[in-house]
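The following exercises are to be worked through in order, with the sequence and the model at hand. Each task is followed by a solution in steps.

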Amino acid sequence: MNGPLILEGEACLAGARLFPPLRLTLQPGKWLTLLGPSGVGKTTLLRLIAGLPVAAEFRGQITGARPAALMAQDPGLLPWATVAQNITLGPRLRGTRPDQARLQAILDQTGLADHAQKRPAQLSGGQRQRAALARALMEDRPLFLLDEPFSALDIALRHRMQDLTASLLRDHMVLMISHDPAEAARLSDHIYVLTRAGLQQVSPPADDGRLRPRPLDGPDTRRCEAELIALLMAAT
Ligand SMILES: Nc1ncnc2c1ncn2[C@@H]1O[C@H](COP(=O)(O)OP(=O)(O)O)[C@@H](O)[C@H]1O
Ligand SMILES: [Mg+2]
């Protein structure tokens with residue numbers, strides 16, 4: 001499946017409009033970041049694209065849908081299973097043998113190797129979020145849907161996990177939801193802000209498009225962050 005994925009439509013919640021008619025296009029091999037105030041419908045959009053049920057009533061269509069790896073906003077780890085068992089949940093549910101080399105590599109890369117046999121309750125919030133990220137990264141799907149994947153991480157880990165995710169998903173279609181303008185500026189090929197008025201596109205930092213993640217002090221990065229902050233301030 002090489003074409004774009006397009007969501008077109010509007011949504012209502014309890015008789016009131018959640019978001020007006022909009023069109024969101026995801027391109028193969030491109031990273032799209034969606035920002036916006038809480039409650040505006042970002043997770044709803046992501047779940048619609050994943051083909052999951054939503055509370056809102058959606059009138060519209062999604063074309064070019066494809067199998068997705070989802071990292072939900074809530075880590076959603078199974079409390080009785082170990083970290084390693086949680087990370088390999090996908091293959092185990094499908095009845096296939098988890099790739100042990102891949103599991104070990106992802107445990108190492110996410111800094112969870114020493115925690116592989118622990119249960120989620122024995123982890124910090126940031127460790128739980130990394131376990132959820134690791135579980136999504138274990139999957140090999142054409143589309144990755146990441147709902148605030150780095151929000152609970154300290155700044156150093158956040159940067160490391162951004163670097164890791166960007167390098168592993170270099171050739172994938174990605175939709176990431178974020179509240180962090182710097183993160184959006186670092187990682188994205190396309191940036192949108194969702195407000196009650198609809199979707200607004202913001203140009204990512206101007207560059208040749210090859211360097212991901214971009215350096216923090218890269219050209220045009222501050223302009224992009226400032227534009228996003230101004231839009232987000234105006235929207236709340
Ligand atoms: N399970 C649910 N039942 C009822 N309302 C919900 C449910 N999930 C989300 N909503 C409502 O839908 C709206 C959009 O939610 P969501 O898409 O999660 O927003 P965002 O991710 O932008 O913060 C919010 O007003 C929220 O309260
Ligand atoms: Mg959300």
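**Exercise 1.** Which residues have the most contacts inside the largest nonpolar core?

*Solution.* The model is a predicted one, in which local features need pLDDT of at least 70, side-chain atom pairs count only at pLDDT 80 or more, and totals for chains, interfaces and linings use all residues. Residues are numbered from 1 along each chain as its sequence is written, and chains are lettered from A and ligands numbered from 1 in the order in which they are written.

Step 1. A nonpolar core is a set of buried Ala, Val, Leu, Ile, Met, Phe, Trp, Tyr and Cys residues joined through C-beta atoms within 7 Å. A residue is buried if 20 or more other C-beta atoms lie within 10 Å of its own, exposed if 12 or fewer, and partly exposed in between; C-beta atoms are placed from the backbone.

Step 2. The largest such core has 57 residues, and the most contacts inside it belong to Ile 49, Ala 134, Ala 136, Phe 144, Leu 145, Val 174 and Leu 175. Helix H5 (residues 125-138) supplies the largest share of this core, 7 residues. Helices (H or I, at least four residues) and strands (E, at least two) are DSSP runs, numbered from the N terminus.

Step 3. Two residues are in contact if their C-beta atoms, placed from the backbone, lie within 7 Å. Leaving aside residues up to four places away in sequence, Val 174 touches Trp 31, Leu 32, Phe 144, Leu 146 and Leu 169.

**Exercise 2.** State which residues stand opposite Cys 12 in E2 and in E4.

*Solution.* Step 1. Two strands pair if DSSP finds at least two bridges between them. Strand E1 (residues 5-13) pairs with strand E2 (residues 16-26) in the antiparallel sense over 8 bridges. E1 also pairs with strand E4 (residues 57-63) in the antiparallel sense, over 7 bridges.

Step 2. In E2, Arg 17 stands opposite Cys 12; in E4, Glu 57 does.

Step 3. E1 and E2 form a hairpin with 2 residues between them, and Ala 14 in the turn has a positive phi of about 50°.

**Exercise 3.** Describe the protein as a whole.

*Solution.* Step 1. The protein has 8 helices and 9 strands.

Step 2. Its radius of gyration (taken over C-alpha atoms) is 18 Å, close to the 18 Å that the globule rule gives for 236 residues, so the protein is as compact as a globular protein of that length. The globule rule is 2.2 Å times the number of residues to the power 0.38.

Step 3. Buried residues make up 38% of the 236 residues.
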